[in-house]
Amino acid sequence: MSKDFEMNALKRDDNEATLAELNDEQLSDGTSAGRTKLLIERDNQTLTRLGKVPVLKRNFALMSMLGFSCTVMNTWEGELVLFLQAFENGGSAGSIYGFIIVWVGTLCIFATMGELASMAPTSGGHYHWVYMLAPTKSRKFLSYLIGWLTVIGWQAAVAGLGFLAAALIQGVAVMGNPSYEPMAWQKTLLLWASIAFAVFFNTIISNALPKVEGLVLILHVLGFFAILVPLVYLSPHGSARDVFTVFLNQGGWQTQGLSFMLGMISSVFNFLGADGAVHMSEEIQNAAVIVPRAMIFTILLNGALGFGILIAVLFCVGDIDSVLSSPTGFPFMAIFENGVGSEQGAQTMASILVILNLCATVSLVASASRMTWSFARDRGLPGWSYISKVDSRTSIPIIAIALTTTISYLLALINIGSSVAFNDIVSLAINGLYGAYLIGNTLLLWRRVTGQIRPYNRDNTELVNVSHENLAWGPFKIPEPFGSIINAFGCAFLLVMLFFSFWPTHIDPTAKTMNMSSLMVGATIIWSIIYYAVWARKVYSGPVIQVN
């Protein structure tokens with residue numbers, strides 16, 4: 001790929017319209033369907049300038065994609081589900097201040113990522129960006145490695161969320177029947193059912209997915225208030241002094257500061273996934289603008305909801321010892337039951353979490369399958385010629401969805417033998433994705449401070465942003481010097497959080513509590529290097545140019 005490529009597909013006759021000619025008068029003339037058609041034509045021309053042939057339907061707009069991203073991220077729901085992890089290493093005060101730091105850091109990460117998504121709105125996302133930004137000698141291998149880390153990270157996230165949905169269902173069952181003993185094989189079957197639920201929406205009724213995501217956004221917000229209001233109104237409240245000043249170090253670490261840093265990792269997980277919008281870019285109208293907006297609005301909205309539910313739970317926690325020893329395995333369920341004083345009421349509130357987690361699996365399967373499909377399209381995966389196929393009737397990557405489902409089903413079998421081994425595998429979600437974020441954002445920082453990125457030009461008809469020889473900003477760009485400051489802060493935050501994500505939650509860990517994510521990431525990198533050396537280097541040359 002080089003700047004010598006010129007798109008014959010965009011060279012026009014005298015009666016053809018350029019991008020600049022899709023002006024406001026054209027967009028305001030005619031029906032809404034006509035305006036949508038013109039926007040889609042503009043999006044497809046943008047994609048063609050990136051060397052790709054449009055094959056997916058652009059059915060998503062801002063609100064549907066906002067619902068999509070909010071449910072993938074699932075922040076306020078995650079603050080409840082992962083309450084124990086942050087509370088053990090940090091306590092009430094640590095949970096609050098750690099959340100704020102992660103919120104700000106994540107906003108910086110995805111503001112920068114929004115610039116990248118505006119420059120190159122493709123389903124591949126990170127590995128395409130790394131290829132276009134990296135030096136010539138290393139761009140092919142770095143892009144390939146990031147592609148593998150991102151694919152594995154998203155596949156692990158699908159299995160992890162399915163596991164979480166299954167565990168929540170069993171927890172609600174324990175609330176209603178304390179004699180019930182959850183079994184590992186039951187959890188595996190429930191995980192399978194959760195993924196099957198997501199696959200149904202992604203295949204059988206795929207055309208309705210944007211409307212479903214818009215509805216889920218409403219449920220996401222209403223569910224927050226349906227839990228917050230009765231919890232705050234009916235529960236006894238602790239003191240503000242205890243909530244904002246008491247730190248805990250139940251991991252046994254040498255300093256409270258180290259314990260605090262480890263407690264922040266649960267908030268990192270709760271803010272993971274806004275880039276799901278990136279991997280849907282080729283199905284979004286006005287993607288170069290909508291994708292950055294969707295990611296930033298998602299972090300602002302989910303951060304506000306997450307902070308609100310965290311404060312409420314910390315004020316209503318009550319007897320902490322009884323809460324932490326809840327037979328459901330989830331302290332928030334005990335907080336609900338103690339707070340509202342009704343088993344049925346607490347079950348209803350917990351069931352809202354179950355429903356929203358199931359909805360999140362729908363979005364995760366969509367994002368993971370598109371990322372897998374895109375990397376296969378660029379010949380990065382074994383069997384790429386089959387995985388990259390798109391169904392001609394529905395315009396969705398059926399085989400990639402089937403592969404995502406199969407991987408989650410196979411990973412679920414590991415849980416029957418060892419939940420510890422399963423958790424080690426799904427921990428790749430944080431490590432793999434944060435590694436991809438770090439390399440992409442760092443390369444962008446390098447290119448921007450050295451002045452190697454041209455201003456945005458909508459009238460350009462040559463290939464753009466396929467390599468560092470032809471870099472240009474997209475329509476979304478943070479003004480300088482704020483863009484560089486935000487970029488640098490986000491990279492520093494990524495580096496620190498990635499470092500601590502490999503640590504166990506307790507000092508002197510056992511085989512059950514040890515964090516094996518370093519082993520899993522190392523195994524993924526070794527496998528990708530071996531496959532690259534044996535075969536992939538012969539067929540993978542970076543994002544494929546599909547136009548003449």
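These legends describe close-up views of aromatic rings and a surface patch in a predicted model. Local features need pLDDT of at least 70, side-chain atom pairs count only at pLDDT 80 or more, and totals for chains, interfaces and linings use all residues. Residues are numbered from 1 along each chain as its sequence is written, and side-chain values use heavy atoms, with hydrogens and water left out.

**View 1. Phe244 and Phe315 form an edge-to-face pair.** Rings of Phe, Tyr and Trp (its six-membered ring) pair if their centres lie within 6.5 Å; planes under 30 degrees apart are stacked, over 60 edge-to-face, the rest tilted. The count comes to 29 aromatic pairs. In this one, the ring centres lie 6.1 Å apart and the planes meet at 65°. Phe244 belongs to helix α11 (residues 240-245) and Phe315 to helix α13 (residues 287-315), 71 residues apart. Helices are DSSP runs (H or I, at least four residues), numbered from the N terminus.

**View 2. Phe500 and Trp503 form a tilted pair.** Their centres are 5.5 Å apart, with planes at 45°. Phe500 is buried at 11% relative accessibility. Trp503 is partly exposed at 28%. Buried means under 20% relative accessible area, exposed over 50%, partly exposed in between (1.4 Å probe, protein chains only).

**View 3. Six residues form one aromatic cluster: Tyr127, Phe141, Tyr144, Phe375, Tyr532 and Tyr540.**

**View 4. Lys477 sits over the ring of Trp473.** Its charged end is 4.8 Å from the ring centre. The rule asks for NZ of Lys or CZ of Arg within 6 Å of the centre and within 35 degrees of the ring normal.

Definitions and conventions
Helices (H or I, at least four residues) and strands (E, at least two) are DSSP runs, numbered from the N terminus.
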